[in-house]
Amino acid sequence: MDNEKKRSASFSKGLLQSGELYQYVLETNVYPREPELLKELRDMTATHPRAIMATAPDAGQLIAMLLKLINAKRTIEVGVFTGYSLLLTALTIPEDGKIVAIDMNREAYEIGLPVIRKAGVENKIEFIESEALPVLDQLLGDPGNENGFDFAFIDADKINYWKYHERLMKLVKVGGIVVYDNTLWAGSVAMPEECTPEILREGRQRTLEFNKLLAADPRVEISLAPLGDGITICRRMH
């Protein structure tokens with residue numbers, strides 16, 4: 001195993017039973033097909049103190065497939081960090097595709113920006129440094145944006161996930177897809193509260209509440225995939 005792969009797996013084994021099994025998935029299915037510029041950005045992010053916030057490459061691979069399956073052209077991303085999933089999306093959507101990317105931390109985004117520029121896809125990205133709710137409300141203020149997006153990826157503050165969801169059910173068209181990251185919260189959703197590490201408890205509770213609401217939402221079909229830290233795929237039905 002080369003150093004690059006060791007670094008990428010050093011902080012996470014996903015939710016599989018062993019690091020070795022997760023590494024097998026990465027080495028046989030993910031890394032061989034990962035575009036070189038995504039690898040470069042993943043390497044840059046691996047040295048960041050909060051590298052665990054990055055989109056897992058196996059989850060990213062599925063996101064790219066979903067984008068292609070629905071021929072996504074207009075997308076929303078809430079929570080950008082260094083831009084792994086953002087670059088992945090920009091590489092996948094057509095030349096005239098557009099991404100509204102929202103994050104409060106431009107500094108992290110600028111870590112990956114040179115790679116995004118090298119890929120020649122910066123023109124597809126509208127980066128907005130802001131809290132997400134005001135931006136989503138602003139988008140909804142334009143009637144042309146209702147049902148105007150094909151896809152959304154949410155990897156941000158868990159306390160607002162349901163508020164994001166309510167807005168995205170108006171912004172994303174019927175048949176469109178919304179993907180929520182971290183919906184298994186390091187596996188803590190299946191732990192008794194007293195056994196959950198203190199650092200995970202608040203996020204665990206927020207995630208449990210969100211997952212329960214999502215499971216009961218008749219507007220969407222859902223599938224929770226145990227990739228990365230758990231991603232829930234929602235297809236808007238009406």
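1. Asp96 and Lys73 join their side chains in a salt bridge, with N and O 2.8 Å apart, where a salt bridge means a side-chain nitrogen of Lys or Arg within 4 Å of a carboxyl oxygen of Asp or Glu. Asp96 sits in the loop between helix 5 (84-92) and strand 2 (98-103), and Lys73 in the loop between helix 4 (57-69) and strand 1 (74-78), so the pair ties together parts that are 23 residues apart in sequence. Helices (H or I, at least four residues) and strands (E, at least two) are DSSP runs, numbered from the N terminus.

2. This is a predicted model, in which local features need pLDDT of at least 70 and side-chain atom pairs count only at pLDDT 80 or more, while totals for chains, interfaces and linings use all residues. Residues are numbered from 1 along each chain as its sequence is written, and side-chain values use heavy atoms, with hydrogens and water left out.

3. The whole structure holds 12 salt bridges. One of them pairs Lys118 with Glu40, whose closest N and O atoms are 2.9 Å apart, and it links distant parts of the chain, since Lys118 is in helix 6 (residues 106-119) and Glu40 in helix 3 (residues 36-46), 78 residues apart.

4. Asn211, which lies in helix 9 (residues 198-215), is buried at a relative accessible area of 19%, where buried means under 20% relative accessible area, exposed over 50% and partly exposed in between (1.4 Å probe, protein chains only). Lys118, at 54% relative accessibility, is exposed.
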